[in-house]
Each structure stands twice: as C-alpha cells, then as structure tokens.
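Q: Please go through this model with me. I would like to start with the disulfides and then turn to the pockets.

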Amino acid sequence: MASKMASRLASSAAVCVVLLSCLGAATATGKTGRITVYWGQTASEGSLHKACASNLYSTVILSFLTNFGSGHYKLDLAGHSWSAVGPDVKYCQSKKILVLLAIGGGFGKYSLASKADAKAVADHIWDVYLGGHSKTRPFGNAVLDGVDFDIEHGGSKHYDDLARYLKDYSNKGKKKVWITAAPQCPFPDRMLGQALRTGLFDRVHVQFYNNPVCSYRAGNVAAFTRAWNTWTRSLPRSSVYLGLPAARGAAGSGYVPPATLVSKVLPIVQRSRNYGGIMLWSRYWDLQTGYSSAVKHAV
C-alpha cells in the first residue's frame with residue numbers, strides 16, 4: 001500500500017512539474033504589452049510625467065549620461081529641468097513604471113580605462129542616481145531603478161566590470177538595481193559583446209535599425225529572423241526587446257510601419273521564450289506618430 005501511494009504521489013508530482021513547465025512556457029511567449037522608450041533629448045517631447053501618464057510604456061530610459069570615465073561626468077537631458085525630473089521619476093514609479101539612466105549614446109566622451117575606473121564610475125552612478133549618499137543629486141532624493149548601457153564608441157573594455165559592480169549594489173541597497181543594454185543587431189555587438197556574456201543583464205533592447213544587414217524589410221526577413229533568434233538564444237537569462245525607430249525620421253534605416261509590425265514582425269519575435277516587448281527611439285518621435293498607441297495591443 002505504501003509503495004503504491006508513493007508511486008501515485010510521484011506520478012502526481014511529475015504531472016505538476018509538466019503542467020508548471022507548460023504554464024511557464026505559455027507565459028514566456030506571446031504578448032507582454034511592454035514598451036520601453038527613451039526620453040530626455042528635447043523639450044518638444046514633453047515632461048517625463050506626461051510620458052508616464054500616457055500609460056503606453058513599462059520602462060522609460062533617461063538619456064544620457066554622455067560623459068563618464070577618468071573622473072569626468074556629464075548628464076545631458078537636453079531642454080529639461082533636472083529639478084522637475086525628480087518628482088516625475090517618483091510619479092512614474094508609483095505607476096509601476098521603471099525609470100532607468102542611459103549611459104553613453106551616440107555623442108559625448110566616455111570610456112573605461114581600467115577595472116578601477118569601472119569601479120569609480122559604478123560608485124558615482126550609485127551615489128548620484130541609485131540611492132547612494134552624494135549631496136549633489138540632480139534628481140533630489142528620487143532613486144532610479146537601474147542603468148541602461150547604450151555604448152556606441154570609445155572602446156569595449158571593462159563594461160563587464162561595470163556591470164558586475166553595478167549589479168553588486170542590488171545586495172547593498174533597498175531594492176534591485178536593473179541592468180539593461182541597447183546593443184546593435186549584428187551579433188555579437190562590438191562594444192557590449194563581452195559585457196553581455198556575463199549574463200548579468202536583465203533586459204537587452206537590441207537596436208534593429210541603422211543596420212541594414214539585420215533590420216526587418218521585405219527582402220531581408222530571413223536575415224532578420226536569424227539575427228533575432230541568435231540574440232534570444234544567446235541570452236537565455238535576459239528578456240530581449242525588439243528595438244525600433246518610432247518614425248521614419250528617427251533613424252537612417254530600419255523603420256517598420258505599425259501595420260507591418262503587428263501582422264508580420266511580432267509573430268516572428270513572439271515565438272521566443274525570452275521575448276520581452278519592444279523598445280522605441282524615442283518619446284519625441286512616438287509623440288509625432290502615435291506608434292506605441294498603434295501597436296501596444298499586439299506587443
């Protein structure tokens with residue numbers, strides 16, 4: 001009797017494991033409704049408060065900390081008042097919207113000269129933006145949720161060290177420090193490839209634009225699909241987002257009309273277990289076109 005009972009229990013447990021596995025797979029694929037957007041490059045995009053009040057985004061990335069390394073730092077939120085951003089950050093977070101700080105970008109002077117330099121940059125970001133004790137905090141006592149690596153020049157060394165140091169603060173602070181990245185779609189990204197191999201990045205917003213070799217278009221579907229699958233399979237521990245321009249004028253190439261995204265592109269990327277959503281450049285362009293409003297139901 002005991003052996004039969006044990007057998008039944010073992011069988012039931014196995015069924016539960018299978019069911020949970022299936023449920024996990026079901027929730028890991030398909031629609032998420034999550035849209036990440038970059039904000040902070042022009043006053044014409046409106047306030048951070050309005051961006052979050054739109055209920056279109058799950059994550060807003062403040063862009064950019066354009067200068068860092070070797071003891072030099074510069075925050076550039078063109079056209080926006082830093083003092084106004086702090087209360088807006090708190091408002092966004094009250095709506096369960098993550099607010100991250102982007103470091104790097106296409107302009108500015110940044111690089112990491114050594115592992116010690118990476119530690120110094122991590123300490124600066126922690127003290128000034130992520131809950132440290134600096135007296136010079138541009139957003140007052142507002143605490144950002146993490147850091148997005150948008151590294152486009154200046155060398156590729158020591159970003160793996162920076163990611164490790166920043167991630168360590170998850171254990172020292174009162175809340176998790178999110179680490180995300182925005183690599184170019186050719187794999188591996190020449191600037192962030194080494195850092196991404198650490199497996200520390202929670203989300204990766206792959207830029208499928210300004211890169212004709214892997215951007216989506218009618219004559220490049222197979223190459224786009226291979227690139228997407230390479231990214232998702234290579235980063236099984238990260239949520240991978242499809243990065244797109246929100247308007248034709250937002251990038252040199254890679255724009256996908258909303259109808260095409262919904263009918264042809266999302267069915268491809270949503271097959272991946274670690275599909276996370278889409279990333280848009282940027283809030284300004286999204287306001288001009290209404291891109292996120294047109295596609296959110298299908299994301």
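**Disulfides and pockets**

A: The structure, a predicted model, holds two disulfides.

Q: Which residue is joined to C52 by a disulfide?

A: C52 is joined to C92, with an S to S distance of 2.0 Å. The torsion about their S-S bond is about 100°, so this disulfide is right-handed. Because C52 lies in helix α2 (residues 48–53) and C92 in helix α3 (residues 82–94), the pair ties together parts that are 40 residues apart in sequence.

Q: Is C52 buried or exposed?

A: C52 counts as buried, at 0% relative accessibility. C92 is buried as well, with a relative accessible area of 0%.

Q: And which residue forms a disulfide with C185?

A: That is C214, and the sulfur atoms are 2.0 Å apart. The pair links distant parts of the chain, 29 residues apart: C185 is in the loop between β6 (178–181) and α6 (193–196), and C214 is in the loop between β7 (203–207) and α7 (221–234). The link of C185 and C214 is right-handed, with 80° about the S-S bond.

Q: Turning to pockets, what volume does the largest pocket have?

A: Its volume is about 340 Å³. The lining comprises 20 residues, of which F64, G106, D150, E152 and W281 lie nearest the centre. Two or more lining residues come from each of β2 (59–67), β4 (98–105) and β9 (275–281).

Q: How many charged residues are in that lining?

A: Three, beside nine nonpolar and eight polar residues.

Q: And what about the second largest pocket?

A: The second largest pocket has a volume of about 170 Å³. Its lining residues include W126, L130 and K172, and by class there are five nonpolar, two polar and four charged residues.

Note on methods:
Residues numbered from 1 in each chain as written. Predicted model: local features only at pLDDT ≥ 70, side-chain atom pairs only at ≥ 80, totals over all residues. Heavy atoms only, no water. 1 Å grid on protein atoms, 1.4 Å probe; cavity = no way out; pocket = protein on both sides within 12 Å on 5 of 7 lines; lining within 4 Å. Points joined across faces, edges and corners; volume = space filled by probe spheres on them. Helix = DSSP H or I, 4+ residues; strand = E, 2+ residues; numbered from the N terminus. Nonpolar A, V, L, I, M, F, W, Y, C, P; charged D, E, K, R; others polar. Disulfide = S-S within 2.5 Å. Buried < 20%, exposed > 50% of the residue type's maximum accessible area, 1.4 Å probe, protein only.
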